[in-house]
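Welcome to this short briefing. Please take a look at the structure below before reading on.

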Amino acid sequence: MNWFIEMLRSSIGKKLMMAITGLAFILFLLIHLIGNLTLYGGKELFLSYVDHLHALGPLIRVAEIGLLTFAIIHVSTGLILFWQNLQARPVRYQVDKRAGGRTIGSATMPYTGVLILGFVVVHLLNFHFIDHTQQTVFQAVDATFAMLPYVVFYTVAVIVVAIHVSHGFWSLFQTIGANHIKYMPAIKGLGVIISLLVAAGFGFIPVYVSFIM
Amino acid sequence: MISKTINLTLKVWRQNRSDKIGRLETYPAKDISVDMSFLEMLDVVNEDLTRQKKEPIAFDHDCREGICGMCGAVVNGRAHGHEKETTLCQLHMRHFSDGDTIVIEPWRARAFPLIKDLVVDRSALDKVIAAGGYISVNAGGAPDANSLPISRDVAEKAFNAAACIGCGACVAACPNASAMLFVSAKVSHLAALPQGKPEAARRAMAMVRQMDACGFGNCSNETECEAECPKGISIIEIARLNREYFKSEFA
Ligand code: SF4
Ligand code: FES
């Protein structure tokens, strides 16, 4: 067991933890997106999706605990990396230019990460930690997106998520060692597609509920 | 034939080891031939400074032909300057224009303590090599041709990685001051060849542990290193290092 802890404490071990938990979140995001698309089918379809989901009972519990554990690992490791990397260059450059490697996504990972954490908390307060005996999830969605600030907040938040994923997706493959000239272009392309899907798919829901539905 | 000359303003980081903090000093660089290399331009400025009884600018150099890895400074925010796959000694002044202001700073990383002006102590990279960047068996004299067949693909792979000259520009350019590109080049170079294979896993683990102990930052796949490396080392080597490292830990 000792070797395992040692491995995780190394720089590459920390990368591995970010990659695996990150992959889990991307998969979760995609499943979450597919579920949410039922909103476009109207109230009935959405509520039947919610019922089916809750019917899974203990499985949902397991998933929740899993996601929470992964979130704790991802956030705490990310913060440690951020702190260590700041310390690795005590004197900064007076002139600092990019050579073309860095992207908006890669340069903002720690910041978009913290924003996403804040967003997830608000999101859970909006739809998870509410009195479900008093209202259906649909009513909560409807009521939340009746407020314009929430529409703006959610739309901006999913764009931040998309920016985070735009670096995270290809990066996790690189970390687990899957970088090959033949496949990397496809992996990078897929990363862009997933980011756009997340931004468009989730981002349009608040607008749809608020203005079209 | 008289070559074109240009006039420049240099802002150079000056700092003695005893100084807590250095500062950028401004010097004129007059009548610089565009055929000069960046280091020759610094030589001219240093001659001027010496004539004025001022301390010349300290900078590292040796071969001046892009193969030894001694030279290097951050020029206008870019490691080894803005030309692709070029060491500072091979960067020619024709890539600058008359009247330019050039800011010159040393490699910045906690693992590279400053010695003087533009000279930093890169022995952390040597420590990483000493931890495992070698082959333990005595390889003997040169073997007969083809007694150890190595396919062209494998030879190419090894050569690509072996091109690393250990200059440290990857560390300087990395937003996290990580040395992963350097370490990965050394690990993949040796792991690709039959002589280095038997120790590949142990080597990866030892070198990564040493890299971490030296105080380099953590790689977050920013890929600035591969964009700045004068030898065009690719981050594919880093993926290979990760694989070797996992193999060593999990197997
Ligand atoms: S990988 Fe490139 S930048 Fe890094 S030390 Fe080797 S030659 Fe220099
Ligand atoms: S002085 Fe040898 S590489 Fe520049």
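A salt bridge here is a side-chain nitrogen of Lys or Arg within 4 Å of a carboxyl oxygen of Asp or Glu. With that in hand, we can turn to how the chains meet; keep in mind that this is a predicted model.

**Between the chains**

- In chain B, 47 residues are in contact with 41 residues of chain A.
- About 3700 Å² of area is buried between chain B and chain A, and carbon and sulfur atoms give 53% of that area.
- B:Arg108, B:Asn218 and B:Asn221 together supply 17% of the area that chain B buries against chain A, which is more than any other three residues.
- The count of salt bridges between chain B and chain A is 1.
- A:Arg102 forms a salt bridge with B:Glu222, and the closest N and O atoms are 3.0 Å apart.

**A helix pair within chain B**

- Helix α5 (residues 180-192) and helix α8 (residues 236-250), both of chain B, have axes that come within 8 Å and cross at roughly 70 degrees.
- The crossing in which α5(B) passes α8(B) is left-handed.
- On the α5(B) side, the residues that meet α8(B) include B:Met180, B:Leu181, B:Val183 and B:Val187.
- Among their partners in α8(B) are B:Ile238, B:Arg240, B:Leu241 and B:Glu244.
- Sorted by class, the contact of α5(B) with α8(B) has 8 nonpolar, 3 polar and 3 charged residues.

How values were computed: Residues numbered from 1 in each chain as written. Chains lettered and ligands numbered in written order. Predicted model: local features only at pLDDT ≥ 70, side-chain atom pairs only at ≥ 80, totals over all residues. Heavy atoms only, no water. Axes fitted to C-alpha atoms, helices over the stretch in contact; angles between N-to-C directions. Helix = DSSP H or I, 4+ residues; strand = E, 2+ residues; numbered from the N terminus. Left-handed = near helix turned anticlockwise from the far one by under 90°. Contact = heavy atoms within 4.5 Å. Nonpolar A, V, L, I, M, F, W, Y, C, P; charged D, E, K, R; others polar. Buried area = accessible area lost by both parts, 1.4 Å probe.
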